[in-house]
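Please work through the exercises for the structure shown here. Try each task before you read its solution.

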Amino acid sequence: MVLHGFAYKDYQEPDRATWLGWNPWGLGYISFADCWNEDWPQLKAFAGLADYTGRVGAVLRAGRPQVNVLVLDATSCIDGTTAPDPTGTPADAFRRAMYGAGLTWDVIGPYNLLSTGEVRDGRLLPDGLGYQAILVQDQAALSAEAAERLVRLAKTGLPVVVQGAVPARGTGYRDPAGEDARVKAAMTKLSATATVRFATDAATAVDRLRQLGVRPDLDGTGVGNLVPVHRRTADGDAWFLYNNSVDAYAGELTFRTTGAPSSLDLWTGGITELGLYKKRGQTVTVPVRIGAGDTAVLLFDRRSSRKPTAEATNADRILRRDGRLVALDSRGGRRWVRLSDGSRRTVDLPGVPAPRTVTGPWTLTAVTVSPSGTATVEVDLDDPLGWSDIPALKGRSGTAVYTASVRLPASWCDRNRGVELQLGDFAGAVRVWVNSTAIRVPGVPGGSPVDVTSVLRPGSNEIRIELSTNLNNTLRGQALTGDPAYASWKTRPELPYGLLGPVRLLSYAQAGV
């Protein structure tokens, strides 16, 4: 994430919009909605997004990256900077085949291949990224030095797969015929090497990699929509997972590590020790759920054994707290747990009350912003509503605070029960307080519920939810008045803002195994 800043807050330019400050892209098809300064409504909530991004960065810089395959390609490209490759293109087919097999890869040019060091224990750069194989991707021409380097690497036992065109000529001009001959001779030697395979397309290339013993660091049913990044430290492993799909992922994932797993909540910073997983040799299998377009981080501590573990259960979750296995379930009742030592346990959980929707009255207090200044709007609501459904806020931008109270019986706060808060749908930058205590929540709709057990009490509980918007609707509204300084915003659509709900409290039962 890059924050692109300018020191032009007070700059003035004729016939250009200057509120909240000069915007160098204020006209034309690349118009931006906002200028970010202390008056920008969403700035107050930006710390949460910065924390999320900071945690992602910390994970992605930890230890050393671990990558399965090194792809040799003479074409210089940066993946992901523009729209994805259209479905059916070779680049799209390659990406789908590799991710579908759980494989990760880096791209290197022929010149840089010459300085990648030697192979040890079947790995290229064993003290770094630890590549298991090289994939030569559709290279009709290759420098003689790179072709001969491939032969040397293959003869040390490193798997090499040549996909598509087989190099048949060189790339230099000093002695073209001589270099062509060297490249052809190298390819002849390469084809006679036991660790080399040839493939016509991406899917076949992935099959050839498997035949040569290349194994992903991440495996599991339906893993093809997950984009993994694996980092390895002296004592553990970290996996950052992005669900590149419009559907939630739920299934078991097998990680190539021996560590005891925990999950890191990127929004809150909380780390939860997991109690439900299977260790088999050099792998650990963990049930994982990742929302559509969402991310997850799993951390594995190779110093910790955490015995015994739960390998199977009909409870919703098994966590480890203070060294003990704890079963959590949204239904209650008797649940069974099979442990890694082969024993079986039953856990009697208390009954669980039905989810409770936080109904009205809701009090909404909004402060809107516009070139003419600020205004305050106060509305009483039976249920949360978006701004487009509130006449006084339609077409406006700013910050709204939704406040409601909910009464809970003492049974909701028993020590064998917990409570989670689920915001439902919303549009804007969100901050939440329960009984005046700030609660970190996912900054996007549809995120996992957050545990609020420690801040709830029997009787009345106040829930306060703040939604801050961008400036699109105000700028659009200003353009619709005929103000020529904002004319470029006239064709922009009105965006949804506000809390849409339903806001719910979800009870769960918990007990030690």
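The exercises below concern a predicted model.

**Exercise 1. A salt bridge in a helix**

Task: Find the helix that holds D92 and R96, and describe how their side chains meet.

Solution. 
- Step 1. Locate the pair. D92 and R96 both lie in helix α2, which covers residues 90–100.
- Step 2. Look at the spacing. The two residues are 4 apart, about one turn of the helix.
- Step 3. Look at the side chains. They meet in a salt bridge, at 3.0 Å from N to O.
- Step 4. Buried means under 20% relative accessible area, and exposed means over 50%. D92 has 8%, so D92 is buried. R96 has 53%, so R96 is exposed.

**Exercise 2. What α2 packs against**

Task: List the buried residues of α2 and the elements that they pack against.

Solution. 
- Step 1. Pick out the buried residues. They are D92, F94, R95, A97, M98 and Y99.
- Step 2. Find their partners among the strands. The buried residues of α2 pack against elements including β2 (69–72), β3 (105–108), β6 (133–137), β7 (160–163) and β10 (226–232).
- Step 3. See what comes after the helix. α2 is followed by G102, whose phi is positive, near 75°.

**Exercise 3. A cavity and its lining**

Task: Describe the second largest cavity and sort its lining by class.

Solution. 
- Step 1. Count the cavities. The structure holds 2 cavities of 30 Å³ or more.
- Step 2. Take the volume. The second largest cavity has about 30 Å³ of space.
- Step 3. Name the lining. It is made by Q66, N68, G102, T104, D217, L218, P228, H230 and W239.
- Step 4. Sort by class. The lining has 5 polar, 3 nonpolar and 1 charged residues.

**Exercise 4. The largest nonpolar core**

Task: Which elements give two or more residues to the largest nonpolar core?

Solution. 
- Step 1. Start with the core itself. The largest nonpolar core has 36 residues. Those with the most contacts inside it are W362, L421, V432, V452, I465 and L505.
- Step 2. Find the elements. Those giving two or more residues are β24 (362–370), β25 (373–381), β26 (397–408), β27 (417–422), β29 (429–434) and β32 (459–468).
- Step 3. Find the largest share. β26 gives it, with 5 residues.
- Step 4. Zoom in on I465. Leaving out residues up to four places away in sequence, I465 touches W362, A400, V401, Y402, L423, V430, R431, V432, L499 and V503.
- Step 5. Look beyond this core. A second, separate core has 25 residues, among them L70, L72, V119 and V151.

**Exercise 5. Salt bridges across the sequence**

Task: Compare the placement of the pairs D316 with R331 and R317 with E420.

Solution. 
- Step 1. Take the total. The structure has 20 salt bridges.
- Step 2. Examine D316 and R331. Their closest N and O atoms are 3.4 Å apart. D316 lies in the loop between β18 (310–313) and β19 (317–321), and R331 in the loop between β20 (324–329) and β21 (333–339), so the pair ties together parts 15 residues apart in sequence.
- Step 3. Widen the view. D316, D329, R331 and R335 are linked in a network of salt bridges.
- Step 4. Examine R317 and E420. Their closest N and O atoms are 3.6 Å apart. R317 is in strand β19 and E420 in strand β27, so this pair links distant parts of the chain, 103 residues apart.
- Step 5. R317 is partly exposed at 33%, whereas E420 is buried at 15%.

**Exercise 6. Backbone angles**

Task: Where do the cis peptide bonds G360–P361 and G501–P502 lie, and are D322 and N435 buried or exposed?

Solution. 
- Step 1. Take G360 and P361. Omega of their cis bond is about 5°. P361 is in the loop between β23 (356–357) and β24.
- Step 2. Take G501 and P502. Omega of their cis bond is about -5°. P502 is in the loop between β33 (498–501) and β34 (504–512).
- Step 3. Take D322. Its phi is positive, near 50°, and D322 is not a glycine. At 82% relative accessibility, D322 is exposed.
- Step 4. Take N435. Its phi is positive too, about 50°. N435 is buried, at 13%.

Technical notes: Residues are numbered from 1 along each chain as its sequence is written. This is a predicted model: local features need pLDDT of at least 70, side-chain atom pairs count only at pLDDT 80 or more; totals for chains, interfaces and linings use all residues. Side-chain values use heavy atoms; hydrogens and water are left out. On a 1 Å grid over the protein atoms alone, a cavity is a set of points where a 1.4 Å probe fits but cannot get out, and a pocket is an open set with protein on both sides within 12 Å along at least five of seven lines; lining residues have an atom within 4 Å of a point. Grid points are joined across faces, edges and corners, and a volume is the space filled by probe spheres set on the points. Ala, Val, Leu, Ile, Met, Phe, Trp, Tyr, Cys and Pro count as nonpolar, Asp, Glu, Lys and Arg as charged, and the others, Gly among them, as polar. A nonpolar core is a set of buried Ala, Val, Leu, Ile, Met, Phe, Trp, Tyr and Cys residues joined through side-chain atoms within 4.5 Å. Buried means under 20% relative accessible area, exposed over 50%, partly exposed in between (1.4 Å probe, protein chains only). Contact means heavy atoms within 4.5 Å. A salt bridge is a side-chain nitrogen of Lys or Arg within 4 Å of a carboxyl oxygen of Asp or Glu.
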